[in-house]
Amino acid sequence: MAKNFFRNIGGDIESFLRRLCGEITPDKRLVVTVTMMLFFSGLSIYMTVSSIYNFGKEKGRRLEIGRIESLKLRPDVKKDSINYLNEFEYGRTDE
């Protein structure tokens, strides 16, 4: 249902633009196309330059870099790589 709705809207917009562009002469179409191209390329260049200029300024939030700490999964167990018979009982407490 939504898929057909968006297809219909796309078709309506396309037909509107075809009617609108069909009424102007080819010379005016060229002028409109070149004007739009210059406008959008200027806008793109402006956004790129302004984002490069503002990169690192104090306007935004500063990044906080923290150190990575090691995980302590079993702090009470001795580090014994030779003895494979260590039995661990997780979550149990001897009373």
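Leu20 is partly exposed, with a relative accessible area of 45% (partly exposed sits between buried, under 20%, and exposed, over 50%, using a 1.4 Å probe and protein chains only). Leu20 belongs to helix H1, which covers residues 2-22. Keep in mind that this is a predicted model: local features need pLDDT of at least 70, side-chain atom pairs count only at pLDDT 80 or more, and totals for chains, interfaces and linings use all residues. Residues are numbered from 1 along each chain as its sequence is written, and side-chain values use heavy atoms, with hydrogens and water left out.

**Overall picture**

- The chain has two helices and zero strands; both kinds of element are DSSP runs numbered from the N terminus, with helices (H or I) needing at least four residues and strands (E) at least two.
- As for burial, 0% of the chain's 95 residues count as buried.

**Nonpolar patch**

- Leu20 turns up again in a nonpolar surface patch, alongside Phe5, Phe6, Ile9, Ile13, Phe16 and Leu17.
- Together these patch residues have about 690 Å² of accessible area.
- To join such a patch, a residue needs over 30% relative accessible area and no salt bridge; nonpolar side chains (Val, Leu, Ile, Met, Phe, Trp, Tyr) are joined within 5 Å, and like charges within 9 Å.

- The structure holds one salt bridge, meaning a side-chain nitrogen of Lys or Arg within 4 Å of a carboxyl oxygen of Asp or Glu.
- Glu14 and Arg18 are the partners, and their closest N and O atoms are 3.2 Å apart.
- Both residues lie in helix H1, four residues apart, or about one turn of the helix.
- Glu14 is partly exposed at 43% relative accessibility, while Arg18 counts as exposed at 61%.

**Aromatic pair**

- There's one aromatic pair in the structure (ring centres of Phe, Tyr or Trp, its six-membered ring, within 6.5 Å; planes under 30 degrees apart are stacked, over 60 edge-to-face, the rest tilted).
- Phe39 and Phe40 make up that pair in an edge-to-face arrangement, at 5.2 Å centre to centre with 65° between the planes.
- Phe39 counts as exposed at 52% relative accessibility, whereas Phe40 is partly exposed at 48%.

Definitions and conventions
Areas by Shrake-Rupley, 256 points an atom, 1.4 Å probe, with all protein chains shown as cover.
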